[in-house]
Amino acid sequence: MKPYKPQRSAIERMAVSLGLIPGSDDEARASVNPLPLFRYPQPDTWHDHVEYDPAAWPRRAVARHYRLVPTTCFNCESACGLLAYVDKDSGQIRKFEGNPVHPGSRGKNCAKGPATINQVTDPDRILTPMKRSGPRGSGQWQAVSWDAALADIGGRVRAALREQRQDEVVYHVGRPGAEGYMDRVLRAWGIDGHNSHTNICSAGARFGYALWMGYDRPSPDYANAQFILALNAHFESGHYFNPHAQRISQALQEGCQLAVVDPRLSNTASHADYWLATRPGSEAALLLAIAHVLLRENLCDRDFMRRWVNWRETLAADGVAGDFDAFHELLRRAYADFTPAFAERECGVSATMIEDVARRIGAAGSRFASHTWRGAASAHLGGWQVSRCLFFLHILTGSVGTQGGCSPSAWHKYKASLIDPPPPITQWNEMHWPREYPLTHYELSFLLPHFLKEGRGKIDVYFTRVFNPVWTYPDGFSWIEALSDESRIGLHVALTPTWNETAFFADYVLPMGHGPERHDLTTYETHNATWVAFRQPVLRAAAQADGREVGDTRETNPGEVWEEDEFWIGLSWAIDPDGDLGIRRYFESRQRPGEKLGVEEYYQYLFERVAGLPEAAAEKGMTPLDYMRKYGAFQVQDRVYEQHEQAVPDEALAGSTRDPETGAVTRDGKVIGVERDGVVRAGFHTESRLLEFHSPTMVAWGWPEHARPGYIRSHIYESEAEQQGWEDKQADDGTFCLLPTFRLPTLIHTRSGSAKWLNEISQRNPVWLHTRDAARLGVRTGDLVRVATEIGHFVDKVWVTEAIRPGVVACSHHLGRWRRSQDPGNSRWSGSVVRISQQGGTWKLQTEQGPGPFESSDPDSRRIWWREGGVPQNLTFPVHPDPISGMHCWHQRVTVTRAEAGDRSGDVVVDTDKSMQVYREWLTRTRSDAVEQFGLRRPLWLNRPLRPTDEAYRLDRS
């Protein structure tokens, strides 16, 4: 057979005649010095990787030499591996591509990874510390030195600590990005000052999982699954979506089937075998109907449930005597009414499809995988029951901790050993952990402005890091009111690489490094293994590899940009310069007594204690730190399954006692294991060490009606009849359920606003509207509609589509960035210039100018062709704190109408007086009698960030 020889096109033949390209394949090969082809650069070439420069055309074979430095991406929570290409001629980062040795991402990245280079070179980034020079929020700023900023801020914190005002120092973080570092800092300071974004993100799902197993996150083994049930959009934008999407795709190629529960036809749903477009808020009913089928048709793993579910406690709670068969019959009776026919009426999904999916889950058995994180669990009153009911299916099928099943996240996530850890704090900050919400998962961060307005306390020094609540949180104008009031927040320090809507109302804006400009340890539960990865400042690493001494990351970062690790060390010295507060000792070097702890010493200590890493490094003649600098990641353990079956070591059993009824083994008042088959096993992280179908915690803490997996009707619907007739309601008054939480796969919160490539792809967030509903409203794609919430409205264009369930409208977040005319440039690739006015509690925002060309050091800024930046819809949402989990219930009951005269796209009107009223209405749903009854602020077994001493949980500590 003759080798294939492509025919040249007319254009190619003309190019040959003009001498622009070689005339034959032999000539083409002779014109260059060919390099071998690899999928990825081989690690042994990373010190001097050669690529031909395509931009050098018409010159041929112009070689560029790069040092490849591994780091991790910071454009979502996945921490995928990146390789920074550092040009050896210019010393600058040229691009980012995937790191093939990273166990989670395996060299593959989504669009956000390579776009990291846009953030590094963003002309709007902040390069020097800034201090406001006019009234707060006036847009007036002046540059200051780092020394001056540290002295001022450190002095404020020192005064608060000396005066026993520990609760007035707060660190509020959006995306943490590191393991344990800030806990160490805050413990050294002795403050319960950690506040996070969890309750606007994943608190609902976390709480549902925690009630079952003590662990608050799942880790599905997608790659080995036979059936996957996703209550999310994992192919494009779910939690750990790139590592997960790879493994879901792998499973589908090997015959696995996929079902997606989502009112919106996401990209993930478009790849599914089953799209279950439920009415929003009915997902728990759907899952219980699946459980009904599994129980009815005996598609259950009875042996697993007998060994690992607290069935004896369940029977005792119901006053029923009997064995496991009695418990199994109890389950059948408990869910007898959740038939597929009932679910069809409630959810709007056919009973036939529900039965089919249930049988396929039963057939998959221990190889059934699932996941939910935001979506329904973060959307509705009682959304935590969605994850509780979803994990119930794993209990029934025995697919807990199995190959192809779902494991607790902690089994696949590394826990770092930190240098010189400070003792647990003894404080309890009720501004973060109020008594009304003893089960909250976690801090009630989105209620902070409302607590401040009520006079529950004040903040003297407020640090915000990777955190932009004015834009990302509900009720953003209430945040502006709180941040503008110096009597409520004395000093606001924004730690951010770029200007954002919250930083405009700060006193200091301190430039922190982007992902490739700082150090972090990262580890996440992406698959059935445990790994660690090293986020490192790549220019510093490159300089050190070339033999240059670097004492401070600012020496290699752009401008005066610092990294958080070194900043917190420097600030801690400024707070306690003489060491008399007992803080400085935790930030002093062990190797150089009396000097500051360095980041290299910190990470050297940490990596020396990662199991297997010192040995792997020694094989290559490296220290553990050098190994991580070189490769950027290390797999600690592979194929991690059934950790609950592990035997408790004999030495841990000394002095223990065993409960003859339950098998629970107790030592020093705490359950340390449970006996199964004559062996004391680790079990799960609950008080009983079993999977708790019946939750004694829910009974004891005032919610006995929700002690078991169940269905709580969403706040969207006023009655069962209204829910089941929801699609017809629009004909009467235009009432819809607004789904505002889905992501576009190219964007991620505030951070993507400075990435030009991403914003060229995605600029708008129109309102998705079903064709039938559009006909009722008399609108077409591109028309303006007004979407009214409880506290205001926003105006946006509409996109008419059949890719959403009738009766539901959807609008993506991550868009609608803004700045006022007096503000510094704020992500001008994506943001609009707006005018904000206030009259009493009524706020108005109007767009004056969308994105457009601007002059900068980047020539692409003159080529911006898009003129829309989206609508900041979150401003119009009141807070809806779930009374149990504390999760903000994102979905809104809205009225959609044609835009009125004078309405323009991007208009927002909000009444913050009404938002306080809604907050107080939801506060009345809470139950906190158990706090006084037990004298505890929270169950001792229920985890929380920056966990204090057990004594701090007690109301009376006398």
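Which strands does helix α15 lie across? In this predicted model, helix α15, made up of residues 384-397, lies across β10 and β13. Its run makes an angle of about 165° with β13.

Those two strands belong to an open sheet of four, and the order is β12-β11-β10-β13. The pairing in this sheet is parallel. At the edges sit β12 (274-276) and β13 (368-371), each of which pairs on one side only. Going from neighbour to neighbour, the strands are turned by 15° against each other on average, with direction ignored. Strand β10 covers residues 227-230, and four bridges join β10 to β13, the two running parallel. Leu 229 is found opposite Ser 370, a residue of β13. Another helix, α14 (residues 351-364), also packs on the sheet, where it touches β10, β11 (257-261), β12 and β13. The direction of α14 makes about 125° with that of β12.

Helix α21 takes in residues 599-607 and helix α23 residues 624-631; they pack at an angle of about 100°, and their axes are 8 Å apart. Because angles of 65 to 115 degrees count as roughly perpendicular, α21 is roughly perpendicular to α23. On the α21 side, the contact is made by Glu 600, Tyr 603, Gln 604 and Phe 607, while α23 brings in Pro 624, Leu 625, Met 628 and Arg 629. Sorted by class, this contact of α21 with α23 has five nonpolar residues, one polar and two charged.

The loop between α20 (564-575) and α21 is the place of Arg 584. Leaving out residues up to four places away in sequence, Arg 584 touches Trp 573, Asp 576, Pro 577, Gly 579 and Gly 594.

What does Val 86 touch, not counting residues up to four places away in sequence? Its contacts include His 65, Tyr 66, Arg 67 and Val 69, along with Gly 91, Gln 92 and Ile 93. Leu 539 and Ala 542 are also among the residues touched by Val 86. As for Gln 246, 160 residues from Val 86 along the chain, the C-alpha atoms of the two are separated by 28 Å.

How values were computed. Residues numbered from 1 in each chain as written. Predicted model: local features only at pLDDT ≥ 70, side-chain atom pairs only at ≥ 80, totals over all residues. Heavy atoms only, no water. Contact = heavy atoms within 4.5 Å. Axes fitted to C-alpha atoms, helices over the stretch in contact; angles between N-to-C directions. Parallel < 35°, antiparallel > 145°, perpendicular 65-115°, else oblique. Nonpolar A, V, L, I, M, F, W, Y, C, P; charged D, E, K, R; others polar. Pairing = 2+ DSSP bridges.
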